[in-house]
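Reader: Could we go through the helix packing and then the sheet in this entry?

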Amino acid sequence: MQQWNAFYELIHSDSKRFVILTHQNPDADAIGSSLGWKLYLQKKGHIATVIIPNECPSNLRWMPDFAEVVTFDQNAQTVALSKKLLEEAEVICCLDFNALHRIKGLGGLAQNSQAVKVLIDHHIEPETFADFVFSDTTRAATAQYILEIIQQLGDAPLLDKPIAECLYAGIMTDTGSFRHGSTTPEVHLAVAELMKTGLNVNYVHRSIFDNNSLGRTRLLGYVLSEKLTYLPEYRTVYMTISMDELKRFNSEIGDTDGIVNFGLSLENVVMSVLLIERRDEIKLSFRSVQDFSVRDLANKYFSGGGHKNASGGRTGTTLAETVNLLLSVLPEYQTQLLNVEK
Ligand code: 5GP
Ligand code: MN
């Protein structure tokens, strides 16, 4: 309560300089919650800038005010500008991530800043670096949390169509278009509230999902037909994509997003894993259904974590060695995997 009162005062104070940070490889919830919050803060008379650690997928760049977003690692100017903005910031808001190391170079800059720090997130086990912590895993998306905070601040009347487009994008994608277990009555009520602004949900959906390059569409087809291995004894699917293959399909950032979910569309499959060869690491994406938690597996063997049904991880070895590691740990989870009701 004390925290809430002080937070209320902060938002209702005279104009302040805000910087909003979100996670590496930003997704629609990262960008949507950040831009929705920024547009709201501007309506409250504040100055707000969103800084993202690295480039964002092209299907998210339609969002209102995206043109003003600073991409930290784009070039020397954007690095300098980010440093300056963080030095001058009076408030730093960290959205949709729980630990400063997840934003690489920006994390250190934020840590050293004297600004008041606010964390708004829905991942488990937040780091304790912020003065104001809004962290709740029952929220399906950070964007849903942002909406609730705006409402609690008494500012529902300030919601408009641009804010609604940003927040809806985050809620829609983090719930898998309202099909994940995280889709609560509160999620649908939040969407109803957003739709009252005149939000066109079909426009947001098409902008994000029906906006693929030919390369991305062909990459998806190739991975599903050539690179997918089904292991019925573990009710698991895994797919691999090498750097050469990414090049062959002119892959851009974000082109591999969502591919991992197709593994779960197979009947009987409980876990789907996508392994991607990046310049400096092998990146793994884990997805599961029902009670099978991929978080533990990602954390124990792949230096990662995330949510029960959606986690990420990485290794510093080769693609082949990472596949072998995955295959070697599956027996440990076999009983659990076989017992899941799908
Ligand atoms: P993705 O497969 O989309 O990269 O990640 C799925 C989920 O796991 C996302 O919510 C993401 O935030 C989380 N995640 C990915 N990598 C890590 C990691 O290294 N640590 C933690 N704690 N979460 C991660
Ligand atoms: Mn999120």
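**Helix packing and sheet**

Author: Helix 6 (residues 161-174) and helix 8 (residues 201-209) have axes that come within 10 Å and cross at roughly 65°. Helices are DSSP runs of H or I with at least four residues, strands are runs of E with at least two, and both are numbered from the N terminus. Axes are lines fitted to C-alpha atoms, for helices over the stretch in contact, with angles from 0 to 180 degrees between N-to-C directions.
Author: This is a predicted model, in which local features need pLDDT of at least 70, side-chain atom pairs count only at pLDDT 80 or more, and totals for chains, interfaces and linings use all residues. Residues are numbered from 1 along each chain as its sequence is written, and chains are lettered from A and ligands numbered from 1 in the order in which they are written.

Reader: Which residues of helix 6 and helix 8 make the contact?
Author: Helix 6 contributes Glu165, Tyr168, Ala169, Met172 and Thr173, and helix 8 contributes Val201, Val204, His205 and Ile208; contact requires C-beta atoms, placed from the backbone, within 7 Å.

Reader: And the sheet: what is the strand order?
Author: The order is 7-8-9-10-12-11, in an open sheet of six strands with mixed pairing. Strands pair if DSSP finds at least two bridges between them.

Reader: Which strands stand at the edges?
Author: Strand 7 (228-231) and strand 11 (305-306) do; each has a single partner strand, so one side of each is left without a neighbour in the sheet.

Reader: Which helix touches strand 11?
Author: Helix 12 (residues 294-302) packs on the sheet, touching strand 9 (271-277), strand 10, strand 11 and strand 12.

Reader: How do strand 10 and strand 12 pair?
Author: Strand 10 (residues 282-288) and strand 12 (residues 310-315) are antiparallel, over six bridges.

Methods:
Contact = placed C-beta atoms within 7 Å.
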